[in-house]
Amino acid sequence: PAAPVVDPSAVGTYDVKYPDGTMAKTVINADGTFVDTDSKGVEEKGMFTRNGDKDCFDPEGDKPAECWTSSAPGADGSFTSTSPDGKTTVTVSRASP
């Protein structure tokens, strides 16, 4: 099967800040894969898709996919993204090269 096509504007490395100040990193690749790295260095990999304002992450293994609702980017390019249950909102910004 053909590889999924990822919105080119989504491809890149992002810093993710949780409400408690904890930082994580997400990398979206052009082939539709993602790698999340939490504050302890633990990686989670899987497939990424964007559907309108929803950024969906389908991790490898048995964990279910999650679609986070993202705001429009601000002047600095950062945006907020809210978890499917509405309980967590993170601030996402492009990582410095």
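**Strands 5 and 6.** I looked up how strand 5 (residues 54-59) meets strand 6 (residues 66-70) in this predicted model: the two run antiparallel and are joined by 4 bridges. Strands here are DSSP runs of E with at least two residues, numbered from the N terminus. Two strands count as paired if DSSP finds at least two bridges between them.

**Ground rules.** I kept in mind that in this predicted model local features need pLDDT of at least 70, side-chain atom pairs count only at pLDDT 80 or more, and totals for chains, interfaces and linings use all residues. Residues are numbered from 1 along each chain as its sequence is written, and side-chain values use heavy atoms, with hydrogens and water left out.

**Strands 2 and 3.** I found 4 bridges between strand 2 (residues 23-28) and strand 3 (residues 33-37), in the antiparallel sense. I28 has F34 in strand 3 as its bridge partner. Which residue in the turn of this hairpin has a positive phi? G32 does, at about 90 degrees, and 4 residues lie between the two strands.

**Strands 3 and 4.** Strand 3 is joined to strand 4 (residues 43-51) by 5 bridges, and they run antiparallel. I noted K45 in strand 4 as the bridge partner of V35. This hairpin has 5 residues between its strands, and G41 takes a positive phi near 90 degrees.

I then traced the order of the strands: 8 of them make a closed barrel, 1-2-3-4-5-6-7-8, with antiparallel pairing. On average, neighbouring strands of this sheet are turned by 30 degrees against each other, direction ignored. The axes are lines fitted to C-alpha atoms, and angles run from 0 to 180 degrees between N-to-C directions.
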